[in-house]
Amino acid sequence: MQLHWHRRDLRTADNRGLATAAAEDVVAPLFVFDDAVLEHAGSPRVRYMLDALAELRASYRSRGSDLLVARGDPRSLVPAVADALDSDRVVWNVDYSGLAKERDSDVRLALDEAGTDRETVHDAIIFPPGSITTNAGDPYSVYTYFWKKWRDRDKPDPFPDPDATDLADAETLESAVSSVENVTVGSLPTLSDLGFDAPDADVISAGTEAARARLADFCEDDIYRYADDRDFPARGGTSRLSTDLKFGTIGVREVLAKTAAAREGVGGDRDESVEEFQSQLAWREFYTHVLWFNPSVVSENYKEYEHDIQWRDDPEELTAWKSGHTGYPIVDAGMRQLREEAYMHNRVRMIVASFLTKDLLCDWRHGYAHFREYLSDHDTANDNGGWQWAASTGTDAQPYFRIFNPMTQGERYDPDAEYIKQYVPELREASANAIHEWHELSETERNRVAPDYPDPIVDHAERREMALSMFETARGDD
Ligand code: FAD
């Protein structure tokens, strides 16, 4: 028997590790609730994960098998389960963060000591770290070159979904693990068992079925307008697959295959639009490679400056940013969308991240920690990549002197203030013009237009100058 250890691959279809195990022998599937991972999780993510696990369990049950569920340290639990099942080999899909790498290497050692074979395969991304490099063999730090190679390379097909004959039956699982402590057959904890309150946010529906429905819906129509619509938050023209890809409820090869099919026979703008979408999947892989080769980016700047950046520390401003009360409408709309939906539109993520780092001059790590807690799609590589891009500290980052103007951004990407009004009810009665000129209105005008909405907490022009000088000092320019 083979043991497949599910981690961020909560599906059976297009799962390379599972298919690898099933090609050899019948498979017993396992999931471990690891307290060290849960420590860094926010309730929206745990909500999604529990729902996805319930669906995964149901899909195993429908094939006469079940999901083994353990709670504790995988370093001892994975070898214990393998031993109880008398399994020849444990297979799992690689995870890319520094913490995951350390844990996995410990599990590998423990299995070696126990004399159990193990195999790890790359599944979450199409091209593993080290497979797309410069001609000198180094990882890319510039996305455009990475993308060209990623785009032009042949892509694998989705992996087959195991059927009932590929899986260990539920009775066998039950009798094998009945005496293993902290391991059950199919009994999933609740949010509160894991120490979490129910999230305030309305978290996106979880699981493979929901992910496939989102993908099918997106590929019907929106994908052909993606290039035009993706920057406009009110248009809702993006796939919303980020949480599914984060937890692996859908395989990336399946997503790619479906988008490739949508591309067949269409030319011109439609073809370019599909390619634009595929290039976002490549960004995800680019940042995963960056994290793999530079695990310290999770807490350190990727880009070295001559001196430390002298970030400001103003708890009141940070609180205003987190709660969506900065007096900059597009920023506040984004921060409130995050609280309401555990999600934020990409353009607005860029705007709020720029605002935190370049207007409030606040260290990106505070923003990253907040996103990690509230986003359902929080992914170490992408979240970190996004923050360090905005803070001008990352790979291929925004140059330090290019600073978003939050009012101009709002006007350009939400001209009718539809998105803003959806999330900031205090501004619903105001005209789009008044919203986009909020920082220029007099106090009397503001009181008349939207009495409950705050004044801007900082002056953008002033803060822009301060940010430039903060970075110039860090660069040692003066
Ligand atoms: P779509 O536009 O439909 O894109 C399809 C998929 O491509 C996404 O689901 C995602 O997997 C990937 N993708 C899209 N844009 C990017 C990008 N810029 N970088 C890397 N991958 C991308 N994305 C996350 O998945 N998790 C995060 O924690 C995360 N944090 C971010 C933080 C900041 C500050 C910024 C600026 C961006 C962040 N992103 C993150 C990237 C991006 O905002 C989201 O992937 C996107 O908004 C998700 O919506 P979607 O699935 O509809 O995207």
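The sections below take these topics in turn.

## Basis

The model is predicted: local features need pLDDT of at least 70 and side-chain atom pairs pLDDT 80 or more, while totals for chains, interfaces and linings use all residues. Residues are numbered from 1 along each chain as its sequence is written, and side-chain values use heavy atoms, without hydrogens and water.

## Sheet

Six strands form an open sheet with mixed pairing, in the order S5-S4-S1-S2-S3-S6. Strands are DSSP runs of E with at least two residues, and helices are runs of H or I with at least four, numbered from the N terminus; two strands pair if DSSP finds at least two bridges between them. The edges are strand S5 (117-121) and strand S6 (183-185), each with a single partner strand, so one side of each has no neighbour in the sheet. From one strand to the next the twist averages 25°.

Strand S1 (residues 2-6) and strand S4 (residues 89-93) run parallel and are joined by four bridges. Leu3 has Val90 of S4 as its bridge partner.

## Helices on the sheet

Helix H5 (residues 98-114) lies across S1, S4 and S5, at about 170° to S4. Helix H7 (residues 170-177) lies across strand S2 (27-33), strand S3 (68-71) and S6, at about 155° to S6. Axes are lines fitted to C-alpha atoms, for helices over the stretch in contact, and angles run from 0 to 180 degrees between N-to-C directions. Contact means heavy atoms within 4.5 Å.

## Helix packing

Helix H15 (residues 346-359) packs on helix H17 (residues 380-390) at an angle of about 55°, with axes 8 Å apart. The contact involves Met350, Ala353, Ser354, Leu356, Thr357 and Lys358 of H15 with Trp387, Trp389 and Ala390 of H17.

Between helix H6 (residues 143-152) and helix H12 (residues 268-293) the angle is about 115° and the axes are 10 Å apart. H6 and H12 are therefore roughly perpendicular, a term for angles of 65 to 115 degrees. Residues of H6 in this contact include Tyr143, Phe146 and Trp147, and those of H12 include Glu275, Trp283 and His289.

## Aromatic pair

There are 29 aromatic pairs in the structure, counted for Phe, Tyr and Trp (six-membered ring) with ring centres within 6.5 Å. The ring centres of Trp364 and Tyr368 are 6.3 Å apart and the planes are at 75°, so this pair is edge-to-face (planes over 60 degrees apart). Trp364 and Tyr368 both belong to helix H16 (residues 364-374), four residues apart, about one turn of the helix.

Key
Rings of Phe, Tyr and Trp (its six-membered ring) pair if their centres lie within 6.5 Å; planes under 30 degrees apart count as stacked, over 60 as edge-to-face and the rest as tilted. Angles under 35 degrees count as roughly parallel, over 145 as roughly antiparallel, 65 to 115 as roughly perpendicular and the rest as oblique.
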